[in-house]
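Hi,

Here is the structure I promised to pass on. My notes on it follow below.

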Amino acid sequence: MTADRLSHAFPDPALARVVDDAFGLVGATPLVRVNVLTEGFDAEVWVKLDHHNLGGSSKDRIGVNIVREAIAAGDLKPGDRIIDFGAGNTAIGYALAGIATGHPVTAVVGPDIAPQKVALLKLLGVDIIPGRPDVERDDPEHWAVIAQRYEDEDPSTWWARQESTSPNPAAHVLSTGPEIWHQTDGRVTHFVAALATGGTASGTGRYLKGRNPAVQVIGTAFAETPNGKGENNLARYVAGEKDLEKDWTANVDGDVLDRFEARRKADVIDFGWHVARTEGLVLGLSSVLSLRVALDAAASAPAGSVFVVFSADSGRDYLAREYDADWLRANDLGHIADRYA
Ligand SMILES: Cc1ncc(COP(=O)(O)O)c(C=O)c1O
């Protein structure tokens, strides 16, 4: 530990961005090098900090692209309501895009949504409907069934379908991929991103492989997935069993993903506290998951390897849950609270 690291604060004022509209703050997010956790490594590890987007997550990128493509295609008519399900970040992106274009938003969210995200959605005027990701796809409480029902019952409600719509990965072909290529001067060798819809890994990976087919794309997930069957199916899907396609979302592109890795959530939460205290990076849990996977691979990777880890959101969104000692103790994770809190 030296004071040298602090000399990186206050970079050239000429690098400070000026934008004419809030939407100029979607994309062009920073890439930060991991220094302490990579001591002794030959490889480089970098994190793409997408919580620097306007609404605090990578999902601003797809919210903007899905909405503008739907308007251009005539699918989203003036004043129509946008509905979709998800963990909350995409709804924030839709809400911001909706504010700019005059479309109200309904978000179908699961019981695990962070309270800060609920508060932000309410601040942005989003209607929130409870749904569940952890029941069978035909269950009336499944969040996709609820979105479908709202669309069926009201012709002025349009289901954005982030899971399968092509403007989701296209947003990353258009922005995230080119940014990472530029920020690494084309040196990126590995891209590591958590998979939900698959849009980030598939779109960014598609762009990077287009520039350099040798780039390796590693998809990550928690070992305990919401419906309890995702991990095995996804691992087999990525291994080439395309008949499993129906079990995963359309935006997971098996031709782009080279490898799939899962980690236990408890280990990731523990590591998230450690990352904050070593690197000063307060990362969302899916980001910590991907960083863990990247560091495990980078530890034995040769010089010249440049790992880029995708960070979709900030640890600030998890301060009432995984980064809270009381929550940990109430969820059988007290050993993590004992270590850090
Ligand atoms: C926090 C967070 N991390 C990672 C992801 C995964 O991104 P993608 O849907 O592009 O696979 C999401 C998407 O829901 C997310 O909200």
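Where is L76 found? L76 sits in the loop between helix 1 (59-73) and strand 3 (81-86). Helices (H or I, at least four residues) and strands (E, at least two) are DSSP runs, numbered from the N terminus.

Before the rest, a word on the basis: this is a predicted model, where local features need pLDDT of at least 70 and side-chain atom pairs count only at pLDDT 80 or more, while totals for chains, interfaces and linings use all residues. Residues are numbered from 1 along each chain as its sequence is written, and side-chain values use heavy atoms, with hydrogens and water left out.

Back to L76. With a relative accessible area of 4%, L76 is buried (buried is under 20%, exposed over 50%, partly exposed in between, with a 1.4 Å probe and protein chains only). Leaving aside neighbours within four places in sequence, L76 is in contact with V67, A70, I71, I82, H103 and W158; contact means heavy atoms within 4.5 Å. The C-alpha atoms of L76 and S156 are 8.6 Å apart, although the two residues are separated by 80 residues along the chain.

Now for helix 1 and its partners. Helix 1 and helix 2 (residues 89-101) have axes that come within 7 Å and cross at roughly 45°. Axes here are lines fitted to C-alpha atoms, for helices over the stretch in contact, and angles run from 0 to 180 degrees between N-to-C directions. That angle makes helix 1 oblique to helix 2 (under 35 degrees is roughly parallel, over 145 roughly antiparallel, 65 to 115 roughly perpendicular, the rest oblique). On the helix 1 side the contact includes I62, V67 and I71, and on the helix 2 side I92, Y94 and L96 are among the residues involved. By class, this contact has 9 nonpolar, 5 polar and 2 charged residues. Ala, Val, Leu, Ile, Met, Phe, Trp, Tyr, Cys and Pro count as nonpolar, Asp, Glu, Lys and Arg as charged, and the others, Gly among them, as polar.

Helix 1 also packs with helix 5 (residues 167-183), at an angle of about 130° and with the axes 8 Å apart. Helix 1 is therefore oblique to helix 5. The residues of this contact divide into 6 nonpolar, 5 polar and 4 charged.

Finally, the domains: the chain is divided into domain 1 (3-56 + 166-339) and domain 2 (59-159), with bounds from an automatic or database domain assignment. The contact takes 31 residues from domain 1 and 23 residues from domain 2.

Cheers
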